[in-house]
Structures are given as C-alpha cells and as structure tokens.
Amino acid sequence: MLQTRPWTQGRLQAALARGSHSSAEDHLEFLRDEFTDMVNQAQWIVLPYSAVRHLPGLRLSPLGVVPQHERRPRTIVDYTFSGVNPDTVPIAPLDAMQFGNTLPRLIRHLVLADPRQGPPKLIKVDIADGFYRIGLKPTDVPKLGVVYPGCPGEPPLVAFPITLPMGWTNSP
C-alpha cells in the first residue's frame, strides 16, 4: 500500500525517459536470460509501455544489476530511487525482518537451548529466490513497474513482478 497520490503522465514519461540504471544496460544479455527464466516461472511479465501506460497506480522504477565476485550477477530494482519504498506504508512489525548479527543470535540460541531436549542441531537452508514464491495482489502489480532496458528499435518495455520482488521494503 502506498501513501501518495498516483503518478502523473509527466512523471511516468520522465521515469521512462530516464530508463534503467547503467548497470542494466551493461548486462543486457544477462537480463534477457534472467527475465526469460522469471517469466517462464510466472514471477514477472514484460509488456510494451504503450499497453500499460494508463494502468491505475502505475509507477516506474529503474532496474539494475549488481555484479557478484565469482558468482552470477544479481538483478535489483531501485524502489528507493523512484520513491516507491519511501511511499510504502510501514505496516510490517519492525522486527519482522532481521538483518545482520546472525552469528550472535545463533550463539545466543545455542547457549540458551534447553539441555533436556538433547544437543542442539543446526541446519542451513538456502531458499533460492524465496521472495519470488509469494504472490502479489493484482492491484499492487502496477505500482512496482520497472523500466526494462531495450535494444535499439524496440518499443519501451515495462516489467512487472507478479510475485514479491526483492527490494520493496515493508512488503510483507
């Protein structure tokens, strides 16, 4: 849920003209492969701007790519730059997402474990793209539009997450 008025056509045009972050342009082939996979997995859709420009609540954020050392790059949407994150109503409890200090929290749980339950056991589970498993309300989808970098001669494209995207704060 966003707390500000919908964007004007002028603001939408300005966001479209600004386009994606330069890192997206530098990794266009990677993004094509990445979005092909995400579209095939029903996580995102990509449509021409001309077909979606009048959607209620439409907003356009820049797409970027973060290079990873000795790993594949990571797609990111800058919902803060576009104002979507600051405009999102903070309804999730502040302690719902805990970033950092993982090791001290684990050690604390180990130290305080009830010995009557036996020795503590740990497991590390890496849920790849876990956010992409949570569906969005259809009315929220246009608010999370992303300017998709195109090739010369292509019409302007907009990508929409249909599952929870990484980068949208307070989304739960």
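A salt bridge is a side-chain nitrogen of Lys or Arg within 4 Å of a carboxyl oxygen of Asp or Glu. I start there, since charged pairs were my opening search. The model I am reading is a predicted one.

**Entry 1: charged pairs**

I counted five salt bridges by this rule.

One joins Arg32 to Glu154, with the closest N and O atoms 3.0 Å apart. Arg32 sits in helix H3 (residues 28-40) and Glu154 in the loop between E4 and E5, so this pair ties together parts that are 122 residues apart in sequence. Are the two partners buried or exposed? Arg32 counts as partly exposed, because its relative accessibility is 26%. Glu154 is partly exposed too, at 32% relative accessible area.

Next I checked Arg59 and Asp87. Their side chains meet in a salt bridge, 3.1 Å from N to O. Arg59 is in the loop between H4 and E2, while Asp87 is in helix H5 (residues 84-87). The two are 28 residues apart, and the pair links distant parts of the chain. Here I had to recall that buried means under 20% relative accessible area. Arg59 has 3% relative accessibility, so I noted it as buried. Asp87 has a relative accessible area of 13%, so it is buried as well.

The last pair I looked up was Arg116 with Asp114. Their side chains form a salt bridge of 2.8 Å, N to O. Arg116 counts as exposed at 74% relative accessibility. Asp114 counts as partly exposed at 26%.

**Entry 2: the whole chain**

I stepped back to see the layout. The protein chain has six helices and five strands. Along the sequence I read the pattern α-α-α-β-α-β-β-α-α-β-β. The chain holds 172 residues, and 35% of them count as buried. It exposes about 11200 Å², with carbon and sulfur atoms supplying 60% of that area.

I also asked what share of the contacts comes from residues 24 or more positions apart. Among contacts in the chain with a separation of 6 or more, the share is 75%.

**Entry 3: helix H1**

Which residues of helix H1 (residues 9-18) are buried? I found Leu12, Ala15 and Leu16. They cover an arc of only 100° around the axis, which puts them on the same side of H1. An α-helix has 3.6 residues a turn, so residues three or four places apart point the same way.

Then I looked at what these buried residues pack against. Their neighbours are helix H4 (49-52), strand E2 (60-68) and strand E4 (145-148). Just after H1 I came to Gly19, which takes a positive phi of about 80°.

**Entry 4: strand E5**

Strand E5 covers residues 157-161. Five of its five residues are buried, so E5 is largely enclosed by the rest of the structure. I sorted the side chains by direction. Leu157, Ala159 and Pro161 point one way. Val158 and Phe160 point the other way, and all of them are buried.

Which strands pair with E5? Strand E1 (residues 44-48) is joined to E5 by five bridges, and the two run antiparallel. Within this pairing, I traced Val46 to its bridge partner Ala159 in E5. E4 also pairs with E5 in the antiparallel sense, over three bridges. There I found Val147 opposite Val158.

**Entry 5: the surface**

I turned to the outside and searched for nonpolar side chains. Leu103, Ile107, Val111 and Leu112 form a nonpolar patch on the surface. Together they have about 430 Å² of accessible area. I took Leu103 for a closer look. It lies in helix H6 (residues 102-111). Leu103 counts as exposed, because its relative accessibility is 57% and exposed means over 50%.

My last stop was Pro56, in the loop between H4 and E2. Pro56 is exposed, with a relative accessible area of 66%. How far is Pro56 from Pro6 in sequence and in space? I read 50 residues along the sequence and 7.6 Å in space, C-alpha to C-alpha.

Definitions and conventions. Residues are numbered from 1 along each chain as its sequence is written. This is a predicted model: local features need pLDDT of at least 70, side-chain atom pairs count only at pLDDT 80 or more; totals for chains, interfaces and linings use all residues. Side-chain values use heavy atoms; hydrogens and water are left out. Buried means under 20% relative accessible area, exposed over 50%, partly exposed in between (1.4 Å probe, protein chains only). Helices (H or I, at least four residues) and strands (E, at least two) are DSSP runs, numbered from the N terminus. The arc is that of the directions from the helix axis to the C-beta atoms. Contact means heavy atoms within 4.5 Å. Patches are made of residues with over 30% relative accessible area and no salt bridge: like charges are joined within 9 Å, nonpolar side chains (Val, Leu, Ile, Met, Phe, Trp, Tyr) within 5 Å. Accessible areas come from the Shrake-Rupley method with a 1.4 Å probe; for residues, only the protein chains shown count as cover. Two strands pair if DSSP finds at least two bridges between them.
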